[in-house]
Amino acid sequence: MTSEANPILPGPLSLIAELTHRCPLHCLYCSNPIEMQRASDELSTEDWTRVFQQAAKLGVLHLHLTGGEPLVRKDLPELIRAGREAGLYVNMITSGVGMTEQCLATLVDAGLEHLQLSFQDLEEESANHIAGTRSHAIKLALVPILKKFHLAFTVNLVVHRMNLDRLEDFIALAEDLGPDRLEIAHVQYYGWALKNRALLMPTEEQVHRALPIVEAARERLKGRIHLESVFPDYFGSFPKACVGGWGRQMMLIDPVGQAMPCHSAAVIPGLTFDNVRQHDLRWIWRDSAAFQRFRGDSWMSDTCLACPRKERDLGGCRCQAFMLTGDAEAIDPVCTYSPHHGLLQTLRTSTPEVLPIWRG
Amino acid sequence: MEMSSTPTFAPGCRLHPTQEVMLVPEGTLKLTGPSRDILLRVDGQRTVTEIADDLLQGYPETNTDEIRNDILDLLARLEQRGVLRTTQLPTPNDLRS
Ligand code: SF4
Ligand code: SF4
């Protein structure tokens, strides 16, 4: 497809800027690619500033600064200011490691509007086990500092097989911290996390026990803490539209400037990513082969083409289809109509004896 | 939220400078009808009554009670959603006691 065939393609709503792959933590569930980008190849302040301006013109509303650990970038305040000046809403996802009150004051002054702090577990020992470093105490100490600032604050609870049975205590801890928002997210099995999938993936029974706990908490916290939860679609019968549909709502830029339709797109063989160093964001959004690859329905299997749900799920997640079946055009195996749906059944019930693998 | 409450935006929540949306952490809320006009008057100073009076200026014939209730309803829903907060300013009675 060329841009002429695509005259009214709506622009993306959010831009995920992976500022760096450098990070002081070594999480079991890290979704960063296993081959990380070198610090010396990272985009410069000027590159990012140009990208933010182009993004705003393309219709992007939210900018999510992430990593690795964004705090590793010495120019973080400048990047935040550049995002705000371009007219974007600026959110940052951090491990909190390396944050001080003075540093936070600089970031808020630069225009940071929302900060997300993720917790690996509620107990020091197991949290550090998961994050592979001593970060839990650092995060807890950061919370009272965060509250001194005019800043939206989200606690992100990352749940998985090893902590899902203690979800109630987990939520209580988060409640004591008093964030504006609480997000309960399941580990996504990309990048490093895929290596630890057997260890991290909850059982179906665990997920079913967790759902009413989440609902009860949502009711109880109403008006005080806004709760959002994303449960794994491994347990559904039908897939979700991945990232709102391939090339439909979001764009991710990695530390060296490659533009991707989602954070795990690189697992799909044969996709090449255009770089913001060479191209304008508008051109990339409309014409880059990687963004065009799964737009529309021409790539879909006959089963999906004939299915009324295709408008809603757009055929499901391409990366998941590839990782589980080896074919990126296959029906997402989460779907009952997939010939590979049985694979999911096996994954859901198995209780393998495995040792965790931390990234170095 | 009551007519005497003073609503203010929660941290990380603001009106888009031009579009009919509220920007909130992680997303946007579409605004319909007069919502944007109402929210433009939320400044942490005015009470719900004052916001309504301001909006109703120049429309003396309209059913003001109904509109007041609609405004309160919208603001209360946004409070539930975590987008607005209220500060109850002390009344003259509180100050006396
Ligand atoms: S998952 Fe852990 S190691 Fe990976 S980027 Fe996030 S905090 Fe760093
Ligand atoms: S057959 Fe295809 S379109 Fe239909 S529900 Fe399954 S994945 Fe979605």
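1. A salt bridge is taken here as a side-chain nitrogen of Lys or Arg within 4 Å of a carboxyl oxygen of Asp or Glu. In this predicted model local features need pLDDT of at least 70 and side-chain atom pairs count only at pLDDT 80 or more, whereas totals for chains, interfaces and linings use all residues. Residues are numbered from 1 along each chain as its sequence is written, chains are lettered from A and ligands numbered from 1 in the order in which they are written, and side-chain values use heavy atoms, with hydrogens and water left out.

2. In chain B, the side chains of Asp54(B) and Arg41(B) meet in such a salt bridge, at 2.7 Å from N to O. Asp54(B) belongs to helix α2 (residues 48-56) and Arg41(B) to the loop between α1 (35-39) and α2, so the pair ties together parts of chain B that are 13 residues apart in sequence; helices (H or I, at least four residues) and strands (E, at least two) are DSSP runs, numbered from the N terminus. Asp54(B) is partly exposed at 24% relative accessibility, and Arg41(B) is partly exposed at 22%, where buried means under 20% relative accessible area, exposed over 50%, and partly exposed in between (1.4 Å probe, protein chains only).

3. Over all chains, a search of the whole structure finds 25 salt bridges. One of them joins Arg22(A) to Glu42(A), with the closest N and O atoms 2.9 Å apart; both residues lie in the loop between β1 (14-18) and α1 (45-58) of chain A, so the pair ties together parts that are 20 residues apart in sequence. Arg22(A) is partly exposed, with a relative accessible area of 35%, whereas Glu42(A) counts as buried at 10%. Arg22(A) and Glu42(A) also belong, with Arg73(A) and Asp75(A), to a network of salt bridges.

4. A further salt bridge in chain A is formed by Glu228(A) and Arg181(A), whose closest N and O atoms are 3.3 Å apart. This pair links distant parts of the chain, since Glu228(A) is in strand β7 and Arg181(A) in strand β6 (residues 181-186), 47 residues apart. Glu228(A) is partly exposed at 29% relative accessible area, while Arg181(A) is buried at 6%.

5. The count of aromatic pairs over all chains comes to 5, the rule being that rings of Phe, Tyr and Trp (its six-membered ring) pair if their centres lie within 6.5 Å, with planes under 30 degrees apart counted as stacked, over 60 as edge-to-face and the rest as tilted. Trp246(A) and Phe294(A) form an edge-to-face pair, 4.9 Å centre to centre with 85° between the planes. Trp246(A) lies in the loop between β7 (226-230) and β8 (250-253) and Phe294(A) in the loop between α11 (289-292) and α12 (302-305) of chain A, so parts 48 residues apart in sequence are tied together. Trp246(A) is buried at 9% relative accessible area, as is Phe294(A) at 4%, and ring pairs link Trp246(A), Phe294(A) and Trp299(A) into a cluster.

6. Two charged ends deserve a look alongside the rings. The charged end of Arg295(A) sits over the ring of Trp285(A), 5.0 Å from its centre, and that of Arg309(A) sits over the ring of Phe238(A), 3.9 Å from its centre; the criterion is that NZ of Lys or CZ of Arg is within 6 Å of the ring centre and within 35 degrees of the ring normal. Trp285(A) is itself buried, at 1% relative accessibility.

7. At the interface, 16 residues of chain B are in contact (heavy atoms within 4.5 Å) with 20 residues of chain A. The area buried between the two chains is about 1400 Å², of which carbon and sulfur atoms give 53%; buried area is the accessible area (1.4 Å probe) that two parts lose on being put together, summed over both. In chain B, Pro11(B), Arg14(B) and Glu26(B) lose the most area to chain A, together 39% of what that side buries. The chains share 2 salt bridges, and Glu113(A) forms a salt bridge with Arg14(B) in which the closest N and O atoms are 2.5 Å apart.

8. Most residues other than glycine have a negative phi, and most peptide bonds are trans. The peptide bond from Gly67(A) to Gly68(A) is cis, with omega near 10°, and Gly68(A) is found in the loop between β2 (62-66) and α2 (76-86) of chain A. Leu314(A), although not a glycine, has a positive phi of about 50°; Leu314(A) lies in the loop between α13 (310-313) and α14 (318-325) of chain A and is buried, with a relative accessible area of 19%.
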